[in-house]
Amino acid sequence: MTQPGTGAAKVTLPADDQILITREFAAPRHLVYRAWTTPDLVRRWWAGHRGKTTDVELDLRPGGRWRYVMIANGGFEVAFHGEYREVLPNERLVYTEVYEIPGATDEGAPVVTVTFTEDAGRTTVTMRTETHSQELRDMILESGMEVGLQEQLVILEELALSLA
């Protein structure tokens, strides 16, 4: 039986405008990538335990758009969208990420780079978010995103393992 991953993502701040998240998964990278990029699978992990994912749109190509929507446990809608800048299957994704709140625009949106690295059948995922300002970085950190993120990634790992 495969041992589970590290169990928790590590969140660090490599620069005033960056968030770096690193987590190991006990699954090969092609399965982690598949769970990360397949709409029906994203629908199962993206909300974590914070609500129910209601919509996943994913056009996985440079210039393609994506959008995820959930109804949070409090009954309100939470949505994010963006555009893929780079797609290297099983290796790397680069995309913008916009939290859909009044006044939010795509201009100056944070850029997220996700890399998938495999060693001995285990995958390390790193997510570097470049926010372009310390103020936005700190706002993201103070939003409580880390708790939901940890939940998401545990579920994602379980899904990836179930695909084997």
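User: In which helix is the place of E151?

Analyst: This is a predicted model, where local features need pLDDT of at least 70, side-chain atom pairs count only at pLDDT 80 or more, and totals for chains, interfaces and linings use all residues. Residues are numbered from 1 along each chain as its sequence is written, and side-chain values use heavy atoms, with hydrogens and water left out. Helices (H or I, at least four residues) and strands (E, at least two) are DSSP runs, numbered from the N terminus. On that numbering, E151 sits in helix α4.

User: Is E151 buried or exposed?

Analyst: Buried means under 20% relative accessible area, exposed over 50%, partly exposed in between (1.4 Å probe, protein chains only). E151 has 17% relative accessibility, so it counts as buried.

User: Which residues does E151 touch, not counting those up to four places away in sequence?

Analyst: Contact means heavy atoms within 4.5 Å. With residues up to four places away left out, E151 touches G48, H49 and R50.

User: Which residues touch the most other members of the largest nonpolar core?

Analyst: A nonpolar core is a set of buried Ala, Val, Leu, Ile, Met, Phe, Trp, Tyr and Cys residues joined through side-chain atoms within 4.5 Å. The largest one holds 37 residues. Its largest share, 6 residues, comes from helix α4 (residues 145-162). The residues that touch the most other members are W36, L93 and V114.

User: What does V32 contact, leaving aside its neighbours within four places in sequence?

Analyst: V32 lies in helix α1 (residues 29-37). Its relative accessibility is 0%, so V32 counts as buried. Beyond its neighbours within four places, V32 is in contact with F25, A27, F116, T123, V125, L156 and A160.

User: How many residues does α4 give to the lining of the largest pocket?

Analyst: On a 1 Å grid over the protein atoms alone, a cavity is a set of points where a 1.4 Å probe fits but cannot get out, and a pocket is an open set with protein on both sides within 12 Å along at least five of seven lines; lining residues have an atom within 4 Å of a point. The largest pocket holds about 1,300 Å³ of space, and of its 43 lining residues the closest to the centre are F80, E97, Y99, I140 and M145. A volume is the space filled by probe spheres set on the points, and grid points are joined across faces, edges and corners. Helix α4 gives the most to this lining, with 6 residues.

User: Where is N90, and what is its phi?

Analyst: N90 lies in the loop between β5 (77-88) and β6 (92-96). Its relative accessible area is 27%, so N90 is partly exposed. Most residues other than glycine have a negative phi. Phi of N90 is positive, near 70 degrees.

User: Is A120 buried or exposed?

Analyst: A120 is found in the loop between β8 (111-119) and β9 (122-130). Phi of A120 is also positive, near 55 degrees. The relative accessible area is 76%, so A120 is exposed.

User: What is the radius of gyration of the chain?

Analyst: The chain has 4 helices and 9 strands. The radius of gyration is taken over C-alpha atoms, and the globule rule is 2.2 Å times the number of residues to the power 0.38. That rule gives 15 Å for 164 residues, and the chain is close to it, so it is as compact as a globular protein of that length, with a radius of gyration of 15 Å.
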